[in-house]
Amino acid sequence: MNPSIDKNRLFQSIEDLGGIGGYLDERTGLRGVNRLALTDADAEGRRYVVATMKSLGLDVTVDRIGNLFGRRAGRDAKLRPVMMGSHVDSVPTAGKFDGCLGVLGALEVVRTLDAAKVTTRRPIVVAAFTDEEGSRFGTDMVGSAVASGRLLLEQAYALRDRKGCVFRDELERIGFLGNAKVPIEPPHAYVECHIEQGPILRASGFDIGVVTSVQAISWREVTISGKSGHAGATPIGLRADAGLAASRLNVKLREMATSGRYGKEMRATMGAIAHEPGLVNIVPGRATLTVDLRNPDDAMMKKAEADLLATFDEISKSDHVEIAWRQTARTPVVPFHSKIQALVAEAAAVRGLRHEKIASGAGQDAQEFAPICPSGMVFIPGEYDGVSHNPREYSTPEQCANGINVLLDVALRLADEEGGP
Ligand code: GLV
Ligand code: MN
Ligand code: MN
């Protein structure tokens, strides 16, 4: 039997990192986390991770997109490592678990292996990837996508936030513009533990989710331009109200999601919207908004995207507005490797944990590794309907420990695997 991780030590590390970028939500009285990518709080979170890596004797490197890697030597230094990772950047209204569980859990695996004096054939690398969330610069999984070669470094560097701050400048400003080369050498395998961020495992009483895939994700930034005018004096018939057009689009998104035309699992969200000039007595001349589409079927996603563009045309005509858009993120359905799924299921069974296959609703760093090496994920349930991207996000110490014990088991199996470089 493999050693087990220290549940309290793991949970304390989640609390400790969760205190960095912590804030009090005045409305709910809850404590949340705001470590938006490449802010000072993100830098402080990164420094915590680097210090922990160093305290465990890991060999730390930072690559050119700011990803952090901590390497534990294996018996054969020539072999490719097994990588465990996730992210410690957050949405501005986060809890303590999204991404952090995967990074801190991987560090807890290393701590546990050290304490039990376990050596592995292959090296083990703990990774914390830059800007998984995409909330600030509009594109998600930036660090892992550059590491795996899907996204070009120069494209990532050129991203800008809403204030016009440039990704590369911000990375340099916070002191994490590293020099290790990207894309990285593909690891032997990649495995990540993450909270489910949804209600399924908790509601059905499963301890562990064997993650089969990540659904397709399509993000757009949309600008609707109409005609601004006096709210009292402009007759309704003479208006080109960008705000009204945005509202019509939002209602249409919900209709798309519930229509059944794109399968039962279609999701569509207008997460951000800003009217200009955004004042009580002025017809909005411009609306800037985002559209997030998700679907577990690539063909359905393509159909939904085509219909979205047709909807833009319809609304332009009906509301006398111009609609411009740009795609800020787009990933297809990503299946995880059957071998890793089997290892996760087996590890859960050996530890007496109830497990079930599940697809990821959220985007994940692991999906960026799936095209370059056998990759997979372990999900754990969350309380309160698995709410996430919210200060109420919570998984119990037991739930977290279950996931990280399975992560340890899977990583050990992969790290002792014969064959291959
Ligand atoms: C990342 O958390 C996403 O799926 O939006
Ligand atoms: Mn995450
Ligand atoms: Mn997230």
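**View 1. Helix 3 and helix 12 cross in a right-handed sense.** A crossing is right-handed if the near helix is turned clockwise from the far one by less than a right angle, and left-handed if anticlockwise. The model is predicted: local features need pLDDT of at least 70, side-chain atom pairs count only at pLDDT 80 or more, and totals for chains, interfaces and linings use all residues. Residues are numbered from 1 along each chain as its sequence is written, chains are lettered from A and ligands numbered from 1 in the order in which they are written, and side-chain values use heavy atoms, without hydrogens and water. Helix 3 contributes Leu101, Gly105, Ala106, Val109, Thr112 and Leu113 to the contact; helix 12 contributes Cys400, Ile404, Leu407, Leu408 and Leu412. Contact means heavy atoms within 4.5 Å. By class, the contact of helix 3 with helix 12 has 9 nonpolar, 2 polar and no charged residues.

**View 2. Helix 10 packs against helix 12.** Helix 10 covers residues 338–350, and the two axes come within 9 Å and cross at roughly 130°. Helix 10 and helix 12 are therefore oblique to each other. The crossing of these two helices is right-handed. On helix 10, the contact residues are Lys339, Ile340, Leu343, Val344, Glu346, Ala347 and Ala348; on helix 12, Val406, Asp409, Val410, Arg413 and Leu414. The class count for helix 10 with helix 12 is 8 nonpolar, no polar and 4 charged residues.

View 3. A side-chain N or O atom of Arg294 is 2.7 Å from an oxygen atom of ligand 1. Gly363 uses a backbone N or O atom, also at 2.7 Å from a ligand oxygen. A polar side-chain atom of His389 lies 3.2 Å from an oxygen atom of ligand 1.

**View 4. A cis peptide bond joins Val182 and Pro183.** Omega is about -10°. Pro183 sits in the loop between helix 6 (167–173) and strand 7 (189–195).

**View 5. The peptide bond from Glu276 to Pro277 is cis.** Omega is near 0° here. Pro277 belongs to the loop between strand 12 (273–276) and strand 13 (282–283).

Definitions and conventions. Helix = DSSP H or I, 4+ residues; strand = E, 2+ residues; numbered from the N terminus. Nonpolar A, V, L, I, M, F, W, Y, C, P; charged D, E, K, R; others polar. Polar contact = N/O pair within 3.5 Å; in protein donor to acceptor, adjacent residues only side chain to side chain. Axes fitted to C-alpha atoms, helices over the stretch in contact; angles between N-to-C directions. Parallel < 35°, antiparallel > 145°, perpendicular 65-115°, else oblique.
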